[in-house]
Amino acid sequence: MKSLVILPIIIPLVTASLTLLFRRFQRMQKGLGLAGSIALFAASLVLAMNVYEKGIIVHHVGNWPAPYGIPLVADALASIMIILTGLIGVSVATFSLKDIRSGEFQFGFMPLFHMLLMGVCGAFLTGDLFNLYVWFEVLLIASFVLMTLGGRRPQIEGSLKYVTINLLASMFLLCGVGILYGKVGTLNLADLSHKLSISPHSQLVTSSAMLLLVAFSIKSAAFPFFFWLPDSYHTPAFSVSALFAGLLTKVGVYAMIRTFILIYRDDISLLIILVIAGLTMVIGVFGAVIQKEIRRLLSFHIISQIGYSLMGLGIASRLSLTAAIFFTFHVAVAKAALFLVAATIGHEKGSTALEKVGGLYQTHPWLSLFFVLPALSLAGLPPLSGFAAKLALIQAGLKGHHSLIVFIALFVSILTLYSMAKIWTMAFWGPEQNVQITRSEKVRPQKSVQLFDGLSISFWIPLVLLTAVTLGIGIFAEPLLQFCQQAADTLLQPAIYNQAVLTEAR
Amino acid sequence: MESLLAIVIGGLFTAGFYSMLRRSMVKLVIGLMLLSHATNLLIFTAPGLTRGKPPLMKEEEIASGLSYADPLTQAHTLAVIVISFGIIAFTMVLLLRAYRTCKTSDTDKMKGTAL
């Protein structure tokens, strides 16, 4: 049973190695990559089911007892995030089959893709702060290469910013980790939480907390450190930006929830997070409102939505943490769906600039439906998942007497709706534009099954899957909410986590 | 020894950030290198230095109360050196690629991300 925990890391690793071997045989690479992502999704569901029933599962790598070895810990929070990784992995892998150019497959798209998934899963599962840094580097280096894959000028320039800022963030993280180790003498999350709870925080511990806050804020694109994201996320291949939009910033949010609730838990840093949350929401949505390119607009929305997750973290009550985790799940799904719709528009019209596309409602009525559902979900209209998530957040805010942040959250929701309506009126309702589609931008006609609107089936499967999930967890929110509540309970009672990790007999 | 190293680390951070703020891409990479050295030294120094003691010992030696250097710090530093080596190698290639694509190494002139 315990080896289950290691599956979300092993499966992408094996898939990446196999697809690397068959790099030159594209069909083989695609088939293996798809199979690997399906296997990861299945494994994530099995893992979550086990965690839901039996509580935390711990695996001590190499049988080194904690706190000396590195444990892999699957608690409810980690397994929710792993499901998310599996879901987005499977969607983007399916979408990429027809989206990624053949030259980019030749260059090793699938191996890199699975390396990225491995890094993300590792970051979610690890129970050691230094190991978290290592997983961050694994996913970063894979994401660097994915971003530059293709080598067009905007990509190179975008990734120069992306690489520089993210390396800087890693250094901040490392400094924080180093100082913390110097002060406390351990980096095992459970051991840290235990040792810091019995001794008062010294100054150096607080400074390490701030270094980690800066590092994770850069990774999750929170308020003062968000500028790299809208400058780079719209440049890579469509599938890649959907993957990044769905997963990467969420790893930062996860790390922040993990460290600031489990380890530090002091009121001042939670207050700072709450202030950052409010500013992130507002600045992100203001940036989105003026954008005229779909992927850039959505990129600013990523930032704005990160604010909501951080709001839940900043309030730090049982309800608010439940809401924050639920929200993170919802927004990743909705956002990936929206990026995939943008990708489809890009393929059909040869551009994702709002002025150049139009009349999609007439030519692609089904695609319009699959845009509207995640878009309204993002804005928070019932019965979609955004409604349940935002309702829980607002309730938590009102219960904790944080009325200002509640007001900001509601105000930002309206602006979110406005900018979604802007895409709708310009791209779908607007007059049809006659744009010349250049050969390189249009997908080459291939033998493939075509469904509604003449789109390939590998475009439809992920869109339908993600939209179904956002509808499903909106209407039947209870099971996921309960699981999120279990995650929040584990976070708020670190004794459970600590006991599971530290006293686990081998 | 720690205070001397602290000054060195501070100097490296200063130099690193200064050269990152320059406009040249080459200086950007040099800045990143300096920063990664500074970080390495910081995580090496932060737990305190132990002079002339081995990090690995036999069990009876530990039982007899001999002191030892913290092996974990050394392991961390080693891991970080390897990782930053890989990253810097990637950044160098990216730099070359960026220079060939954009025909400039002036970061102020790289404003082509708008589509």
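The model is predicted, with local features requiring pLDDT of at least 70, side-chain atom pairs counted only at pLDDT 80 or more, and totals for chains, interfaces and linings using all residues. Residues are numbered from 1 along each chain as its sequence is written, chains are lettered from A and ligands numbered from 1 in the order in which they are written, and side-chain values use heavy atoms, with hydrogens and water left out.

The size of an interface is often given as the accessible area lost when the parts come together. Between chain A and chain B, the buried area (accessible area lost on being put together, 1.4 Å probe, summed over both) is about 3,100 Å², and carbon and sulfur atoms give 79% of that area. Chain A and chain B each place 35 residues in the contact, defined by heavy atoms within 4.5 Å. On the side of chain A that touches chain B, helix H6 (129-148) and helix H7 (153-184) are the elements giving two or more residues. The largest share, 20 residues, comes from H7(A). The residues on this side of chain A comprise 19 nonpolar, nine polar and seven charged.

A nonpolar patch on the surface is formed by A:Leu7, A:Ile10, A:Leu13, A:Val14, A:Leu18, A:Leu21 and A:Met115, which together have about 540 Å² of accessible area. Patch members have over 30% relative accessible area and no salt bridge, and nonpolar side chains are joined within 5 Å. Helix H1 (residues 7-21) of chain A supplies the largest share of the patch, six residues.

Technical notes: Buried area = accessible area lost by both parts, 1.4 Å probe. Helix = DSSP H or I, 4+ residues; strand = E, 2+ residues; numbered from the N terminus. Nonpolar A, V, L, I, M, F, W, Y, C, P; charged D, E, K, R; others polar. Patch = residues over 30% accessible without salt bridge, like charges linked within 9 Å, V, L, I, M, F, W, Y side chains within 5 Å. Areas by Shrake-Rupley, 256 points an atom, 1.4 Å probe, with all protein chains shown as cover. Salt bridge = Lys/Arg side-chain N within 4 Å of Asp/Glu carboxyl O.
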